[in-house]
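Subject: Structure handover

Hello,

Here is the structure we discussed, passed on for your own work. My notes on it follow below.

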Amino acid sequence: MNLERKKVAVFRKEHFNAAHRLHNPNWDDATNTAVFGKCNNPNYHGHNYELIVQVTGYPDPQTGYVMDMKVLSDLIWEHALNLFDHKNLNEDTTAFKHLNPTAENIAVVIYDLLRPQIDAALDLKIRLYETERNFVEYPA
Ligand code: NI
(Lines give C-alpha, C1' and ligand atoms only; values in the text may rest on other atoms or scores of the structure.)
Protein backbone atom coordinates (compact mmCIF):
# COMPACT_ATOMS: atom_id res chain seq x y z
CA MET A 1 0.00 0.00 0.00
CA ASN A 2 1.46 3.33 -1.05
CA LEU A 3 0.32 5.79 1.62
CA GLU A 4 1.91 8.67 -0.20
CA ARG A 5 -0.97 8.46 -2.68
CA LYS A 6 -3.72 8.37 -0.04
CA LYS A 7 -4.68 11.90 0.85
CA VAL A 8 -6.44 12.29 4.19
CA ALA A 9 -8.19 15.24 5.83
CA VAL A 10 -7.82 15.71 9.59
CA PHE A 11 -9.97 18.06 11.67
CA ARG A 12 -9.39 19.83 14.94
CA LYS A 13 -12.36 21.40 16.69
CA GLU A 14 -11.87 24.31 19.08
CA HIS A 15 -14.26 26.54 20.96
CA PHE A 16 -14.06 30.20 21.87
CA ASN A 17 -16.34 32.98 23.09
CA ALA A 18 -16.29 36.52 21.85
CA ALA A 19 -18.43 39.64 21.66
CA HIS A 20 -18.96 41.69 18.55
CA ARG A 21 -21.05 44.29 16.82
CA LEU A 22 -21.74 44.26 13.10
CA HIS A 23 -21.72 47.82 11.87
CA ASN A 24 -20.86 49.74 8.72
CA PRO A 25 -19.68 53.23 9.71
CA ASN A 26 -20.48 54.49 6.20
CA TRP A 27 -24.20 53.86 6.74
CA ASP A 28 -26.77 55.60 8.95
CA ASP A 29 -28.30 53.89 11.99
CA ALA A 30 -31.47 52.88 10.18
CA THR A 31 -29.55 51.13 7.41
CA ASN A 32 -27.27 49.36 9.88
CA THR A 33 -30.30 48.14 11.84
CA ALA A 34 -32.05 47.02 8.66
CA VAL A 35 -29.03 45.06 7.41
CA PHE A 36 -27.53 43.67 10.62
CA GLY A 37 -30.56 43.47 12.94
CA LYS A 38 -29.70 42.38 16.48
CA CYS A 39 -26.07 42.01 15.51
CA ASN A 40 -25.95 45.84 15.22
CA ASN A 41 -26.79 46.25 18.95
CA PRO A 42 -24.57 49.21 20.02
CA ASN A 43 -23.60 47.52 23.30
CA TYR A 44 -22.39 44.34 21.61
CA HIS A 45 -23.48 40.73 22.10
CA GLY A 46 -21.69 37.43 22.39
CA HIS A 47 -21.36 34.21 20.45
CA ASN A 48 -20.07 30.76 21.35
CA TYR A 49 -17.97 30.08 18.28
CA GLU A 50 -17.02 26.59 17.15
CA LEU A 51 -13.95 26.52 14.97
CA ILE A 52 -13.04 23.51 12.86
CA VAL A 53 -9.63 23.56 11.25
CA GLN A 54 -9.18 21.08 8.40
CA VAL A 55 -5.71 20.04 7.29
CA THR A 56 -5.39 17.81 4.23
CA GLY A 57 -2.37 15.94 2.97
CA TYR A 58 -0.56 12.62 2.77
CA PRO A 59 0.11 10.80 6.06
CA ASP A 60 3.79 10.91 6.98
CA PRO A 61 5.28 7.44 6.36
CA GLN A 62 7.07 7.47 9.73
CA THR A 63 4.26 8.71 12.01
CA GLY A 64 1.14 7.90 10.00
CA TYR A 65 -0.01 11.44 10.82
CA VAL A 66 -1.04 14.11 8.35
CA MET A 67 -0.29 16.46 11.22
CA ASP A 68 0.06 16.00 14.97
CA MET A 69 -3.29 17.20 16.38
CA LYS A 70 -1.73 18.47 19.61
CA VAL A 71 0.66 20.60 17.58
CA LEU A 72 -2.25 21.82 15.46
CA SER A 73 -4.30 22.70 18.54
CA ASP A 74 -1.39 24.59 20.07
CA LEU A 75 -0.85 26.54 16.82
CA ILE A 76 -4.54 27.45 16.62
CA TRP A 77 -4.48 28.87 20.13
CA GLU A 78 -1.07 30.49 20.02
CA HIS A 79 -1.52 32.26 16.68
CA ALA A 80 -5.28 32.86 16.51
CA LEU A 81 -7.67 32.10 19.34
CA ASN A 82 -5.69 33.65 22.16
CA LEU A 83 -6.22 36.94 20.31
CA PHE A 84 -10.01 36.52 20.23
CA ASP A 85 -11.21 34.29 23.09
CA HIS A 86 -13.19 36.24 25.73
CA LYS A 87 -12.54 39.46 23.82
CA ASN A 88 -14.67 42.15 22.30
CA LEU A 89 -13.62 41.68 18.68
CA ASN A 90 -14.38 45.29 17.68
CA GLU A 91 -12.69 46.92 20.66
CA ASP A 92 -9.99 44.53 21.86
CA THR A 93 -8.39 43.26 18.64
CA THR A 94 -6.38 44.95 15.91
CA ALA A 95 -7.73 42.58 13.24
CA PHE A 96 -11.29 43.89 13.57
CA LYS A 97 -10.67 47.54 14.41
CA HIS A 98 -11.58 48.43 10.83
CA LEU A 99 -13.02 45.12 9.59
CA ASN A 100 -16.59 44.05 10.31
CA PRO A 101 -16.33 40.94 12.54
CA THR A 102 -18.73 38.76 10.57
CA ALA A 103 -18.22 34.99 10.61
CA GLU A 104 -16.91 35.32 7.05
CA ASN A 105 -14.25 37.85 8.02
CA ILE A 106 -13.30 35.97 11.20
CA ALA A 107 -12.74 32.80 9.16
CA VAL A 108 -10.51 34.63 6.67
CA VAL A 109 -8.50 36.27 9.47
CA ILE A 110 -7.99 32.92 11.23
CA TYR A 111 -6.90 31.33 7.96
CA ASP A 112 -4.37 34.09 7.32
CA LEU A 113 -2.99 33.73 10.86
CA LEU A 114 -2.63 29.94 10.59
CA ARG A 115 -1.53 29.49 6.99
CA PRO A 116 2.12 30.53 7.59
CA GLN A 117 2.31 28.15 10.59
CA ILE A 118 1.35 24.99 8.71
CA ASP A 119 3.47 23.06 6.21
CA ALA A 120 2.90 24.50 2.75
CA ALA A 121 2.43 20.94 1.39
CA LEU A 122 -0.76 20.65 3.47
CA ASP A 123 -4.09 22.22 2.49
CA LEU A 124 -5.86 24.31 5.09
CA LYS A 125 -9.56 25.04 5.43
CA ILE A 126 -11.44 26.92 8.13
CA ARG A 127 -15.02 26.21 9.14
CA LEU A 128 -16.50 28.59 11.70
CA TYR A 129 -19.86 28.15 13.40
CA GLU A 130 -21.31 31.38 14.76
CA THR A 131 -24.45 29.53 15.83
CA GLU A 132 -25.46 25.89 15.52
CA ARG A 133 -27.22 26.74 12.29
CA ASN A 134 -24.98 29.39 10.75
CA PHE A 135 -21.48 28.54 9.65
CA VAL A 136 -18.96 29.59 7.02
CA GLU A 137 -16.02 27.99 5.26
CA TYR A 138 -12.84 29.54 3.87
CA PRO A 139 -11.47 28.92 1.32
CA ALA A 140 -14.84 28.33 -0.35
NI1 NI B 1 -23.62 38.42 16.13
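Is His20 buried or exposed? His20 counts as buried, because its relative accessibility is 0%. Please keep in mind throughout that this is a predicted model.

Metal site

His20 is one of the residues that hold the nickel ion: the ion is coordinated by His20 through NE2, Cys39 through SG, His45 through NE2 and His47 through NE2, at 2.1 to 2.4 Å. Along the chain these donors are spaced as H-x18-C-x5-H-x1-H. His20 belongs to strand S1 (residues 8-20), while Cys39 sits in the loop between helix H1 (29-36) and strand S2 (45-57), so the two tie together parts that are 19 residues apart in sequence. Cys39 is buried as well, because its relative accessible area is 16%.

The geometry of the nickel site is irregular, with angles of 91 to 136° among the four donor atoms. For reference, the ideal angle for four tetrahedral donors is 109.5 degrees.

Helix H3

Asn90 and Asp92 are the two residues of this helix that I looked at. Asn90 is found in helix H3 and is buried, with a relative accessible area of 15%. The side chain of Asn90 reaches the backbone nitrogen of Arg21 at 2.8 Å. Apart from neighbours within four places in sequence, Asn90 is in contact with Ala19, His20, Arg21, Tyr44, Phe96, Lys97 and Pro101.

With a relative accessible area of 45%, Asp92 is partly exposed. Asp92 touches Lys87 and Lys97, if residues up to four places away in sequence are not counted.

Helix H4

Helix H4 runs over residues 103-114, twelve in number, and its first and last C-alpha atoms are 16 Å apart, close to the 16 Å expected at 1.5 Å a residue. Its buried residues are Ala103, Ile106, Ala107, Val109, Ile110, Tyr111 and Leu114. What do they pack against? The partners are strands S1 and S2, helix H2 (69-84), helix H3, strand S4 (123-129) and strand S5 (135-138).

Aromatic pairs

The count of aromatic pairs comes to five. In one of them, Trp27 and Phe36, the ring centres are 5.8 Å apart and the planes are at 20°, so the pair is stacked. Trp27 counts as partly exposed at 34% relative accessibility, whereas Phe36 counts as buried at 18%.

Chain as a whole

The chain has four helices and five strands, in the order β-α-β-α-β-α-α-β-β along the sequence. The C-alpha trace spans about 60 × 25 × 25 Å along its principal axes. Of the 140 residues, 39% count as buried. Among contacts with a separation of 6 or more, 68% are between residues 24 or more positions apart.

Regards

Definitions and conventions. Residues numbered from 1 in each chain as written. Predicted model: local features only at pLDDT ≥ 70, side-chain atom pairs only at ≥ 80, totals over all residues. Heavy atoms only, no water. Donors = N, O, S within 2.8 Å, 3.2 Å for Na, K, Ca; no water. Tetrahedral: all angles 85-135°; square planar, octahedral: opposite > 155°, others 65-115°. Buried < 20%, exposed > 50% of the residue type's maximum accessible area, 1.4 Å probe, protein only. Contact = heavy atoms within 4.5 Å. Expected span 1.5 Å × (residues − 1). Polar contact = N/O pair within 3.5 Å; in protein donor to acceptor, adjacent residues only side chain to side chain. Phe/Tyr/Trp six-rings, centres within 6.5 Å; stacked < 30°, edge-to-face > 60°.
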